Amino acid sequence: MKRWHIRDIILVTILAIFMGVIFWVIGPLYTVLAAALAPFGLSPLANELLLGIWVMAGPLAGFIIRIPGAATLGELLGAVVEMFLGGIWGASTLISGVVQGFGSELGFIFTGYKRYTWSTLVLTALTTTIVTFTWDLFRSGYAAYHVPFLLLLFAVRFASVFVFGGVLTKLINNLLVRAHVLPNATH
Amino acid sequence: MNPSLKLALTVFIALEVSFAQVWTVNVALIVVSLILMLINHVSFKRLLYLTLVPLFFSSTLVWSLSLRGSASPHFLLVIFTRLFVYVYMGGLFTQTTDPLMLTRSLEQNAKLPAKFAYGFLAAFNLMPKIKAEVATIKAAAMMRGQILHFWSPQLYFKVILAAMNWSDQLAAAMTSHGFVEGAPRTHALTIPLVARDWWFFGGALLLVQVGLFSGLR
């Protein structure tokens with residue numbers, strides 16, 4: 001199995017910084033969306049809709065770097081960047097970063113860091129959704145919601161994670177494979 | 001306080017608060033963080049920002065929990081104050097910690113391998129270049145009549161190519177300056193980790209535990 005070298009560490013950090021900048025840029029979008037949905041008691045939906053973008057660093061790093069721990073480290077560093085850029089959630093961002101990264105990592109663990117196909121991405125999206133949702137049951141008090149609303153939140157979250165962490169990641173990956181810049185990738 | 005210990009303390013308390021349901025401890029943490037931020041001369045504007053944003057999110061969360069769920073008033077109070085704990089403790093941490101010192105401390109005190117510490121630092125110093133690169137890519141695409149959004153694969157593709165180039169070059173530059181992975185290093189600047197740091201760390205943790213247990217009973 002491949003080990004971490006200085007080049008990979010710098011690469012995953014640069015990727016994380018780029019994603020951190022994006023997380024930070026869509027912050028206002030999240031606020032506006034949450035405000036628009038708030039009167040109907042639907043503000044958690046804003047979180048669910050955009051969550052896919054926040055968790056993208058994980059699968060993207062996992063697909064590009066292909067070393068155990070890449071997804072977790074990519075997502076954690078993205079959170080660090082967001083925190084120091086002036087994101088306000090502080091230590092909670094770091095914990096979420098680890099939780100989200102580990103959620104994506106599970107998908108790669110289950111496929112043994114060998115297969116990088118659609119099925120891996122679907123699996124990753126599923127593990128990410130389940131792990132982060134469990135975390136929110138406690139942290140954001142989701143456990144107190146009525147079951148139908150909870151199911152809606154879960155479905156929207158999975159859709160978002162699938163679109164951004166799955167479809168978009170795969171499209172980016174396809175471009176990279178076509179450009180022959182992923183040394184250990186197969187078509 | 002030693003940056004690594006401060007980070008550990010902040011993360012550990014945030015983790016505990018996420019599971020515990022004791023609003024008095026939350027309020028105590030908020031007050032302590034606020035006092036420490038005031039002592040450390042955090043600007044009034046920043047404090048106002050750190051108050052208004054969680055106020056908005058806490059309110060919407062509590063509103064939807066009471067509208068769409070079956071939460072007790074006690075639980076709503078816990079959730080409401082919890083978000084403030086995250087934001088105030090996070091604010092205290094980022095406003096009083098220098099990222100460079102944190103990385104050095106993680107390397108020296110927390111035994112993070114040097115390749116990670118210096119790899120992170122090398123990449124973080126590229127931050128302005130990374131922002132500029134994103135702007136350049138967007139501008140270049142616009143000249144050809146393409147608009148790149150945050151959902152455009154092309155945008156990510158181009159940035160990843162740049163990131164790969166830069167990481168190759170930076171790694172080569174570090175090697176040529178004598179950086180060897182896993183080799184023993186000396187430090188021009190040592191980050192102290194003294195008994196007082198440990199006492200403060202242990203004392204703060206103990207206080208939170210006592211608060212949580214007496215609150216749960």
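This is a predicted model: local features need pLDDT of at least 70, side-chain atom pairs count only at pLDDT 80 or more; totals for chains, interfaces and linings use all residues.
Is B:His41 buried or exposed? B:His41 has 8 C-beta neighbours inside 10 Å, and therefore it counts as exposed. For background, most residues other than glycine have a negative phi.

Which other loop residue shall we visit? B:Lys111 is found in the loop between helix H5 (99-108) and helix H6 (114-124) of chain B, and its phi, near 60°, is again a positive value in a residue other than glycine. Because 9 other C-beta atoms lie within 10 Å of B:Lys111, this residue is exposed.

Let me now step back to chain B as a whole, which is divided into domain 1, made of 3-106 + 188-216, and domain 2, which covers 114-176. The centres of domain 1 of chain B and domain 2 of chain B, taken over C-alpha atoms, are separated by 33 Å.

We can now turn to the place where the two chains meet, where 58 residues of chain B are in contact with 45 residues of chain A. On the side of chain B that touches chain A, the elements giving two or more residues are helix H1 (3-19), H3, helix H4 (73-96), H6, helix H7 (127-143) and helix H8 (153-176) of chain B. Which of them gives the largest share? That is H8(B), with 14 residues.

Finally, I would like to show you one pair of helices across the two chains. The axis of helix H6 (residues 91-110) of chain A comes within 9 Å of the axis of H1(B), and the two cross at roughly 75°, which means that H6(A) is roughly perpendicular to H1(B). Which residues meet there? From H6(A) they are A:Ala91, A:Ser92, A:Leu94 and A:Ile95, and from H1(B) they are B:Thr10, B:Val11, B:Ala14 and B:Leu15. The residues of this contact between H6(A) and H1(B) divide into six nonpolar and two polar, with no charged residue.

Definitions and conventions:
Residues are numbered from 1 along each chain as its sequence is written. Chains are lettered from A and ligands numbered from 1 in the order in which they are written. A residue is buried if 20 or more other C-beta atoms lie within 10 Å of its own, exposed if 12 or fewer, and partly exposed in between; C-beta atoms are placed from the backbone. Helices (H or I, at least four residues) and strands (E, at least two) are DSSP runs, numbered from the N terminus. Two residues are in contact if their C-beta atoms, placed from the backbone, lie within 7 Å. Domain bounds come from an automatic or database domain assignment. Axes are lines fitted to C-alpha atoms, for helices over the stretch in contact, and angles run from 0 to 180 degrees between N-to-C directions. Angles under 35 degrees count as roughly parallel, over 145 as roughly antiparallel, 65 to 115 as roughly perpendicular and the rest as oblique. Ala, Val, Leu, Ile, Met, Phe, Trp, Tyr, Cys and Pro count as nonpolar, Asp, Glu, Lys and Arg as charged, and the others, Gly among them, as polar.
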